[in-house]
Amino acid sequence: MIEDNFYSNLESNYKVTYPEQEGATYTSLLNFSDEGNKFRQRWYRYKEGYSVDLIKILINEYNKNANGIILDPFLGSGTTVMAANELGLKGIGFEVNPFSYFLSKCKLTNYTDSEKMEFKTAAVDTLIEAEKLSEKKVILLPKLSIAEKVFNPNIQNYFMAIKEVIDRYNGSENVKNLLLLGWLASLETISQYRKAGNGLKKKSLSKNKIDNILLVTEIIKGNYDNIYNDITGNTLKFNAELINDSSLNLSSYIDKESISGVIFSPPYANSFDYTEIYKLELWFGSFVKEYSDLKKLREISFRSHLNGLSSKTDISKLDLKTIPELDTLINVLQTKELWDKKIPIMLKMYFSEMFELLDRIWESLECDGFCSIVVGNSAYGGIIFPTDLLIAKYAETIGFTVDKIEVDRYIITSSQQYHITLNTKKYLRESVICLVKSKK
Ligand SMILES: C[S@@+](CC[C@H](N)C(=O)[O-])C[C@H]1O[C@@H](n2cnc3c(N)ncnc32)[C@H](O)[C@@H]1O
């Protein structure tokens, strides 16, 4: 059993601010929901993203190098690099999911005047051509098992014809990418599925109203208009280097002591698999063509999920990084009845990867550099895994100073965690961990 004071003892080592306390400054900035109308952020609603404003505040608070570089090992929709660029700093980002990488690339590209003009015309022509094509040809669906159920039959062929016209586009590559992004950004609205929890759910009939091609055209046209207005209406110069690889390979790309700040939100240890939740975008956008492609992606993604693990997965030969508090939690977890036997393996791998990444981040940071992490804690079998405190503890052992941890949101417990006590409930939360590389 884990004693309630296990958590308070661990927490007592740090300056922790709670949302209801004075000095909690990031609380309202944690999520993406307010980004819907913002410059380039509105091109695709990346639910798991945070806000540009949060990143700007963190950079202004911690960055000591006016010519520095900000790194995000989990780029997602590119928010960190966008904010860094808005403040005149270069940004570097790693992203393993090819759809998310593509999205960030589109958002963080400088378009030439001729590309802007070309996009305006191509956006109109694509939709006209697609209507003609859809009357002549039945377009093949991707090999995804649920592909035939994704769209209302009245619109399926037209929607797929738009993709085929984009695939055939032989103008500028950057323009072609924007055409595809506008199309992909409409996918969830148009489809009969929605992202929910750890996967996709069929929409209820009342929420699934996209059943004629006029509506489809209107939605995609709206996306194209937003894109056009944003590429023409702002003169911001992007300075972004994006890498479509796992951030665990960071040291192959980044020189030691070359980064002034690292800001990120990793996948949380909550069984959430980004390749599952972005399945429609991955398959329909042709980023994966076979199930083996998807499997490979899952294997190189952070171990925040159970997909690809089996109860026979042998981790005994791996040299996993850990800390005593994590071992205690996992030992107790192993005595519990869990909804999946692989959860302890997943957690061991998750934290080992996180600690490995912190090692690499430490090496990449300049002296006086900083690292801010937005992360959520999780619970299994009634045991809370305080990822924020565990990260802080490991970071300290490798030389970081934990400047503060700001708790910004409590996580609503699901029914399986009903036996979590009132005293420990406050550890189920999302926080911002602020680390500073101390002088040697
Ligand atoms: C919480 S999201 C980041 C959201 C981002 N902060 C934003 O504002 O859009 C985590 C991201 O990490 C990516 N990811 C998972 N494993 C990765 C790995 N090993 N290397 C790089 N990115 C990874 C996921 O695909 C996902 O996009």
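**Close-up views of a predicted model**

**View 1. Buried residues of helix α13.** In this predicted model, helix α13 spans residues 324-333, and its buried residues are Glu325, Leu326, Leu329, Ile330, Val332 and Leu333. Seen down the axis of α13, these residues fall within an arc of 160 degrees, so they line one face of the helix. An α-helix has 3.6 residues a turn, so residues three or four places apart point the same way.

**View 2. Buried residues of helix α2.** Helix α2 covers residues 52-62. Val52, Leu54, Ile55, Leu58, Ile59 and Tyr62 are buried there. Down the axis of α2, the buried residues fall within an arc of 160 degrees, so one face of the helix is lined by them. They pack against helix α3 (79-86). They also pack against strands β2 (69-72), β7 (259-264), β8 (365-376), β11 (400-410) and β12 (429-437).

**View 3. The shell around the ligand.**

View 4. An N or O atom in the side chain of Tyr46 is 2.6 Å from a ligand oxygen atom. For Glu95, a side-chain N or O atom is also 2.6 Å from an oxygen atom of the ligand. Tyr50 contributes a polar backbone atom, 3.1 Å from a ligand oxygen atom. Taken alone, the ligand exposes 600 Å², and the protein buries 99% of that.

How values were computed:
Residues numbered from 1 in each chain as written. Predicted model: local features only at pLDDT ≥ 70, side-chain atom pairs only at ≥ 80, totals over all residues. Heavy atoms only, no water. Polar contact = N/O pair within 3.5 Å; in protein donor to acceptor, adjacent residues only side chain to side chain. Areas by Shrake-Rupley, 256 points an atom, 1.4 Å probe, with all protein chains shown as cover. Buried < 20%, exposed > 50% of the residue type's maximum accessible area, 1.4 Å probe, protein only. Helix = DSSP H or I, 4+ residues; strand = E, 2+ residues; numbered from the N terminus. Arc of directions from axis to C-beta. Contact = heavy atoms within 4.5 Å.
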